[in-house]
Protein chains: 2
Amino acid sequence: MLYPTPIAKLIESYSKLPGIGKKTATRLAFHTISMEDEEVAEFAKNLLAAKRELTYCAICGNLTDDDPCAICRDETRDETQILVVEDSRDVTAMENIQEYHGRYHVLGGLISPMNGVSPDDINLKSLISRLMDGQVTEVIVATDATADGEATSMYISRILKPAGIKVTRLARGLAVGSDIEYADEVTLLRAIENRTEL
Amino acid sequence: MLYPTPIAKLIESYSKLPGIGKKTATRLAFHTISMEDEEVAEFAKNLLAAKRELTYCAICGNLTDDDPCAICRDETRDETQILVVEDSRDVTAMENIQEYHGRYHVLGGLISPMNGVSPDDINLKSLISRLMDGQVTEVIVATDATADGEATSMYISRILKPAGIKVTRLARGLAVGSDIEYADEVTLLRAIENRTEL
């Protein structure tokens with residue numbers, strides 16, 4: 001026996017979400033039916049609104065409901081630094097630590113030879129045009145510490161350094177709170193190489 | 001920094017779902033933005049349709065988009081047996097094994113003294129009225145093998161037996177494919193008590 005059509009369709013919608021299998025989708029669909037009418041209406045409205053109202057900032061590529069985004073409009077931020085990240089979630093992570101006060105540039109992806117993502121497929125050209133007026137003195141590459149993240153940071157450094165721009169990247173080393181015993185070899189190697197004086 | 005309002009609201013909607021924490025909700029919300037317009041519209045439509053079009057069968061309490069449900073309308077099914085389950089998912093699980101051909105009764109919950117759910121809070125009265133015409137000879141209680149499931153099956157057996165109706169419940173024993181070594185003591189005890197001849 002199959003579920004009644006409306007629930008079967010909802011299960012299908014839920015199971016298209018990443019990391020949601022058939023069983024979880026079924027649980028979520030049944031939960032939806034037990035939710036208040038207004039709550040479900042609100043959920044449906046939020047889905048459509050997120051899709052309709054959000055856009056990418058024309059300057060930095062960050063997700064925003066107001067173009068240019070709040071960070072690009074904020075004149076108190078340091079114009080001389082641009083921190084390059086993969087996506088908007090990374091911007092939020094960085095903003096949460098309240099330590100960086102420069103500008104951002106959101107690539108919307110990473111260069112990935114394995115998956116056929118070339119430099120032209122990510123938001124890189126606009127980064128280069130942002131550097132044209134000579135105001136920016138440092139580009140901080142804050143891509144993930146993965147193979148694709150490394151490939152992207154290497155590429156950015158290779159094209160920007162000849163233009164005389166300082167290119168830095170986030171430090172590699174032991175995660176705070178981690179055990180040396182469980183650290184992988186490459187992390188340990190970087191942690192020794194980049195040791196700092198006490 | 002917070003996310004733009006439309007995405008913050010969508011994250012909130014997702015995180016109201018059971019088992020979805022803040023991090024997963026954020027991932028799902030960002031995934032939603034990367035989905036095709038039509039897919040998101042379809043998702044929103046399915047949410048509303050499931051809530052609007054589904055109802056509970058007036059006879060058995062099963063979830064249906066057509067009251068009475070397909071099983072209650074099916075005249076080829078055995079009228080003398082009623083299998084009692086907690087919810088519609090259990091009906092589907094039972095139908096999937098294609099072994100049971102009687103009717104169902106969906107309680108929409110289990111009696112739970114711990115959580116203050118009394119017999120009056122679940123769909124029990126209509127089960128008793130279904131037994132009035134004397135056509136049903138066996139009630140199979142197929143509630144979960146948990147404390148609440150046991151409490152519910154005990155209660156049902158206690159009120160139906162005096163009326164001369166045969167009340168049975170699903171067998172307890174080793175799950176097929178399981179190791180004796182890892183079976184809990186109560187399961188093992190039931191498996192010995194209910195041993196069958198080879």
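Is A:Q98 buried or exposed? In this predicted model, A:Q98 counts as exposed, because its relative accessibility is 63%. The residue sits in chain A, in the loop that runs between α5 (88-96) and β4 (103-106).

With a relative accessibility of 65%, B:Q98 counts as exposed.

A further backbone feature concerns the peptide bonds. Most peptide bonds are trans. In chain A, however, the bond from A:D67 to A:P68 is cis, with omega near -5°. A:P68 belongs to the loop between β2 (63-64) and α4 (70-73) of chain A. In chain B, B:D67 and B:P68 are joined by a cis peptide bond whose omega is about -5°. The loop that holds B:P68 is the one between β2 (63-64) and α4 (70-73) of chain B.

The cysteines come next. Over all chains, the structure holds zero disulfides. A:C72 is in no disulfide, and the nearest cysteine sulfur, that of A:C60, is 3.7 Å away. A:C72 itself counts as buried, because its relative accessibility is 14%. B:C60 is buried, with a relative accessible area of 2%.

The helices can be followed from chain A. A:Y14 is part of helix α1 (residues 5-15) of chain A, and its relative accessibility of 0% means that A:Y14 counts as buried. The C-alpha atoms of A:Y14 and A:A25 are separated by 5.1 Å, the two residues being 11 residues apart along the chain. Residues up to four places away in sequence set aside, A:Y14 touches A:I20, A:A25, A:L28, A:A29, A:T32 and A:F43 in chain A, and B:L17, B:F43 and B:L47 in chain B.

How are two packed helices described? The description uses the angle between their axes and the distance between the axes. Across the two chains, helix α2 (residues 22-34) of chain A packs with helix α3 (residues 37-53) of chain B at an angle of about 55°, and the axes are 9 Å apart. This angle makes α2(A) oblique to α3(B). The crossing of these two helices, α2(A) and α3(B), is right-handed. From α2(A), the residues A:T32, A:I33 and A:S34 meet B:L47, B:A50 and B:K51 of α3(B). Sorted by class, this contact of α2(A) with α3(B) has three nonpolar, two polar and one charged residues.

Within chain B, helix α1 (residues 5-15) packs with α2(B) at an angle of about 125°, with the axes 8 Å apart. The result is that α1(B) is oblique to α2(B). The crossing in which α1(B) passes α2(B) is right-handed. On the side of α1(B), B:I7, B:L10, B:I11, B:Y14 and B:S15 take part, and they meet residues of α2(B) including B:A25, B:T26, B:L28 and B:A29. The residues of the contact of α1(B) with α2(B) divide into nine nonpolar, three polar and one charged.

Leaving aside neighbours within four places in sequence, B:T26 is in contact with B:Y3 and B:I11, and with A:R89 of chain A.

The last stop is a strand. B:I140 lies in strand β5 (residues 138-141) of chain B, and a relative accessibility of 12% makes B:I140 count as buried. Apart from neighbours within four places in sequence, B:I140 is in contact with B:Q81, B:I82, B:L83, B:V84, B:Y100, B:T168 and B:L170. By contrast, the C-alpha atoms of B:I140 and B:E38, which are 102 residues apart along the chain, are separated by 45 Å.

Methods: Residues numbered from 1 in each chain as written. Chains lettered and ligands numbered in written order. Predicted model: local features only at pLDDT ≥ 70, side-chain atom pairs only at ≥ 80, totals over all residues. Heavy atoms only, no water. Disulfide = S-S within 2.5 Å. Buried < 20%, exposed > 50% of the residue type's maximum accessible area, 1.4 Å probe, protein only. Axes fitted to C-alpha atoms, helices over the stretch in contact; angles between N-to-C directions. Helix = DSSP H or I, 4+ residues; strand = E, 2+ residues; numbered from the N terminus. Parallel < 35°, antiparallel > 145°, perpendicular 65-115°, else oblique. Left-handed = near helix turned anticlockwise from the far one by under 90°. Contact = heavy atoms within 4.5 Å. Nonpolar A, V, L, I, M, F, W, Y, C, P; charged D, E, K, R; others polar.
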